[in-house]
Amino acid sequence: MHLRALATLAFIVVLPLPLQVHAESDFPNYWDGREHVSKPDLSTIERIRFLTSVDYPPFNFLDSTGRISGFNIDLVRAICEELAVTAICQIEARPWNELQQALDSGEAEAIIAGLRPTAALRQKLAFTTPYIRLPARFVTLKGTALSEPLSDALVNKTVGVVEGSVHQIVFADYFPHGHWVGYPSRDLMLKDLQAKKIDAVFGDGSDLSFWIGSLESNNCCVFAGGPYIAPQFLGDGMTIATARHNSELVDAFNFALKALEEKGTTSELYLRYFPVDFY
């Protein structure tokens, strides 16, 4: 899930400002409205330092002024405001390969950087409920959109996928009779779609949403069909991780995440950072 580009900068930002948002969208609900999540007592907590990286836009990156920015940063700010602990919240950017070690050593309390909650990591860390999932999507040229059921619409169509990617695996599993062509890179695949050498592409919905809205796409293309969550291949989604001995923080973060979903805060952040809806 995480793009492990090299990051060498480490610094801390205190998060003192509340986030005021009220927008609504069709962003999926991850919480059952009937589920009760209690607000833990955090009065004995002296610090909540979140670790992130700066190499996974739009979730966490450096803006034009060199400041840590992104969906995850604004989400942390909103969580701290919801829990009334803004005064003790911090976020620190470190290289990806240092995140877990810093958490283990007690240098921080949480990781919010796209760390995938694998079975092995769940033995060491505690994870929140997902706050966003990144589905796979089809993209086609405008005027040639695929209609549901896609298993029928894909007959005699050629779909581009990045060779060796998890999305190639998803496509092969979900559409065993579909015809796909593997590409060594995303850019070559998308150029062939624009040149009408293939009928569609299949890949990461969040990444493709940025391309659809970019100048590079020349307003050529649209999403086709629905989102494919495919947790058995794509994982459980974006979560916040803590050390297991800090599991009370997971309860607190879950309380805040549920409240932010109900208030529409999470969906507003989604619209802010993903203006082309990938759901």
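**Buried helices, disulfides and nonpolar cores**

The model is predicted, so local features need pLDDT of at least 70 and side-chain atom pairs count only at pLDDT 80 or more, while totals for chains, interfaces and linings use all residues. Residues are numbered from 1 along each chain as its sequence is written, and side-chain values use heavy atoms, with hydrogens and water left out.

Cysteine 221 is joined to cysteine 220 in a disulfide (a pair of cysteine sulfur atoms within 2.5 Å), with the two sulfur atoms 2.4 Å apart. The torsion about this S-S bond is about -95°, so the link of cysteine 220 and cysteine 221 is left-handed. Cysteine 220 is also buried, at a relative accessible area of 16%. A search of the whole structure finds two disulfides. The other pair is cysteine 80 and cysteine 89, whose sulfur atoms lie 1.9 Å apart. This link is left-handed as well, with -90° about the S-S bond. Cysteine 80 is buried at 1% relative accessibility, and cysteine 89 is buried with a relative accessible area of 1%. When the bonded cysteines are numbered in sequence order, the pairing reads 1-2, 3-4.

The chain has ten helices and 14 strands; these are DSSP runs numbered from the N terminus, with helices (H or I) of at least four residues and strands (E) of at least two. Helix α9 covers residues 247-263. Its 17 residues should span 24 Å at 1.5 Å a residue, and the end C-alpha atoms are 25 Å apart, which agrees; the expected span is 1.5 Å times one less than the number of residues. Twelve of the 17 residues of α9 are buried, so this helix is largely enclosed by the rest of the structure. Among the buried residues of α9 are Leu249, Phe253, Asn254, Lys258 and Glu261. The cover over the buried residues of α9 includes β2 (48-52), α1 (71-82), β14 (241-243) and α10 (265-273). Glycine 264, with a positive phi near 85°, follows α9.

Helix α7 (residues 205-212) is likewise largely enclosed by the rest of the structure, because six of its eight residues are buried. These are Gly205, Ser206, Leu208, Ser209, Trp211 and Ile212. Their cover includes β9 (136-141), α6 (186-194), β12 (200-204) and β13 (221-228).

A nonpolar core is a set of buried Ala, Val, Leu, Ile, Met, Phe, Trp, Tyr and Cys residues joined through side-chain atoms within 4.5 Å. The largest such core has 57 residues, and Phe50 and Ile132 have the most contacts inside it. A second, separate core of 17 residues includes Ala136, Tyr228, Ala230 and Leu234. Leaving aside residues up to four places away in sequence, isoleucine 132 touches several residues, including Phe27, Tyr30, Met238 and Phe278; contact here means heavy atoms within 4.5 Å.

For the chain as a whole, buried residues make up 53% of the 279 residues. Of the contacts between residues at least 6 apart in sequence, 77% join residues at least 24 apart. The accessible surface of the chain comes to about 13100 Å², of which 51% belongs to carbon and sulfur atoms; accessible areas come from the Shrake-Rupley method with a 1.4 Å probe, and for residues only the protein chains shown count as cover.

Conventions: Buried means under 20% relative accessible area, exposed over 50%, partly exposed in between (1.4 Å probe, protein chains only).
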